[in-house]
Amino acid sequence: HVRSRRQRQMCIRDRSITIKQPWASLIVHGIKDIENRTWPCPKKYLGQRILIHSSVKSDREPYMIFNDTQADVIDDCIMDVCGYYKNIGAIIGSIEIVDCVQNYPSVWAEKGVYNWVLANPILYAKPIENVKGKLSFWDYPGIKEVSIECPECGSIEIAVEDYTSAPFPTYLHRCNKCEHVIMESEWNVIK
């Protein structure tokens, strides 16, 4: 069975990867721009949005694992990250993987491994809890992300159709640029 390009994109959009805390939180907060792996990112995921799942098993406490340069980078928002660090076993946001290189010039890049370059993080206001992760990439079919245009400032945003609003499935999104709250009825979906 051969899938159409649109079907392949829809499957990839629902792809997830499990990352230990606090790294997962740093990624979705837009602080950590690299994911270090011993294996290269498959080319089919480059340029794609991937869901970030925080592992049930966390790394050591945040203050014990950062080098001085990394600690300086997160200094102003350490309390936000540490508070969000408690979200484990949950899908907490999404990210785009834009490149895969070695020795990338970032404080988060480890030498001698593959540095997956990340961009355009989305932090979910309500993490999807009690989700069991897996190794490598895996499918999570329960999220639908759409690109919308903010009616106030024109910013192109990625909004999540949030299942948690049931029984009243009205989706809301706060613009990352002007903070206008956009109701689903105002969504101008960008194809």
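Reply: First, a term: two strands pair if DSSP finds at least two bridges between them. Strands (E, at least two residues) and helices (H or I, at least four) are DSSP runs, numbered from the N terminus. This is a predicted model, where local features need pLDDT of at least 70, side-chain atom pairs count only at pLDDT 80 or more, and totals for chains, interfaces and linings use all residues. Residues are numbered from 1 along each chain as its sequence is written, and side-chain values use heavy atoms, leaving out hydrogens and water.

Me: In what order do the six strands sit in the open sheet?

Reply: The pairing here is mixed. For instance, β1 and β3 run parallel, joined by four bridges, while β3 and β4 run antiparallel with seven. At the edges, pairing on one side only, are β2 (34-37) and β6 (137-139). Put together, the order is β2-β5-β4-β3-β1-β6.

Me: Is β3 largely enclosed or largely open?

Reply: Count its buried residues (buried means under 20% relative accessible area with a 1.4 Å probe, protein chains only). Six of the seven residues of β3 qualify, so the strand is largely enclosed.

Me: In β4, which residue is the bridge partner of Ile52?

Reply: Strands β3 and β4 are joined by seven bridges. In β4, Ile52 is partnered by Gly93.

Definitions and conventions
Buried means under 20% relative accessible area, exposed over 50%, partly exposed in between (1.4 Å probe, protein chains only).
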